[in-house]
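Here is a short note for someone opening this structure for the first time. Please keep the 3D view at hand while reading.

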Amino acid sequence: MVQLLASASVTQLLTHAGGVAKGVLIILLAFSLISWSIMIDRYLSYRKFSRRSSDFYEVLRSSSSVTEMVATAKHSKDSPLKEMFVETYQELHDQVKDQLTLQASQQVGENSTENHPRMRHTENLERTLQRVMRDRTIILETGLAFLATTAAATPFIGLF
């Protein structure tokens, strides 16, 4: 019997296997194919977003003004760094606009020497960055929970 198993090929073992063994092998094959497709997809996505973020960072570093940075961001491809820049810029823009509106309403008819708005709500800026990072993390981690579950469950399925 041992000699028979040692000399048997994989196809012979599969043809002589019972229905339960074939079912387990099909389940393990399905888990394997799905896991490999998720791993390849995540690798390609990480590489793409890393390259796009690096390119966007280099363009930002070479920009000479904020207006040029915003124009660059509008025409750049999607990346986590671009989204962080756009959301941060929007938050700062809203703060400045609110301050200018408040100054204009308070100083009707008055001469003021201070017309430069200042960033006063850093908590809002931090929340904006945390929200963007959380949203991007959720997108980038798509499928990883399935991989963790598969890694934990498939050895037990194989033992079955």
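This is a predicted model: local features need pLDDT of at least 70, side-chain atom pairs count only at pLDDT 80 or more; totals for chains, interfaces and linings use all residues.

The points below cover a helix pair, a surface patch and the salt bridges.

1. Look at helices H3 and H4. H3 spans residues 19–62, and H4 covers residues 66–75. Their axes come within 9 Å and cross at roughly 155°. H3 is therefore roughly antiparallel to H4, because angles over 145 degrees count as roughly antiparallel. The crossing of H3 past H4 is right-handed.

2. Next, the surface. Which residues form a nonpolar patch there? They are Trp36, Met39, Ile40, Tyr43 and Leu44. Together they have about 550 Å² of accessible area. Methionine 39 belongs to helix H3. Its relative accessible area is 36%, so methionine 39 is partly exposed.

3. Now the charged pairs. How many salt bridges does the structure hold? There are five. Among them is the one between aspartate 78 and arginine 136, whose closest N and O atoms are 2.7 Å apart. This pair links distant parts of the chain, 58 residues apart. Aspartate 78 sits in the loop between H4 and helix H5 (80–106). Arginine 136 sits in helix H6, residues 122–140.

4. Arginine 136 also forms a salt bridge with glutamate 83, at 2.8 Å from N to O. Here too the pair links distant parts of the chain: glutamate 83 is in helix H5, arginine 136 is in helix H6, and 53 residues separate them.

5. Aspartate 78 is partly exposed, with a relative accessible area of 38%. Glutamate 83 is also partly exposed, at 23% relative accessibility.

6. One more bridge deserves a look. The side chains of aspartate 135 and arginine 131 meet at 4.0 Å, N to O. Both residues lie in helix H6. They are four residues apart, about one turn of the helix. Aspartate 135 is partly exposed, with a relative accessible area of 31%. Arginine 131 is partly exposed as well, at 32% relative accessibility.

7. Finally, the network. Salt bridges that share partners join Asp78, Glu83 and Arg136 into one network.

Technical notes:
Residues are numbered from 1 along each chain as its sequence is written. Side-chain values use heavy atoms; hydrogens and water are left out. Patches are made of residues with over 30% relative accessible area and no salt bridge: like charges are joined within 9 Å, nonpolar side chains (Val, Leu, Ile, Met, Phe, Trp, Tyr) within 5 Å. Accessible areas come from the Shrake-Rupley method with a 1.4 Å probe; for residues, only the protein chains shown count as cover. Helices (H or I, at least four residues) and strands (E, at least two) are DSSP runs, numbered from the N terminus. Buried means under 20% relative accessible area, exposed over 50%, partly exposed in between (1.4 Å probe, protein chains only). Axes are lines fitted to C-alpha atoms, for helices over the stretch in contact, and angles run from 0 to 180 degrees between N-to-C directions. Angles under 35 degrees count as roughly parallel, over 145 as roughly antiparallel, 65 to 115 as roughly perpendicular and the rest as oblique. A crossing is left-handed if the near helix is turned anticlockwise from the far one by less than a right angle, and right-handed if clockwise.
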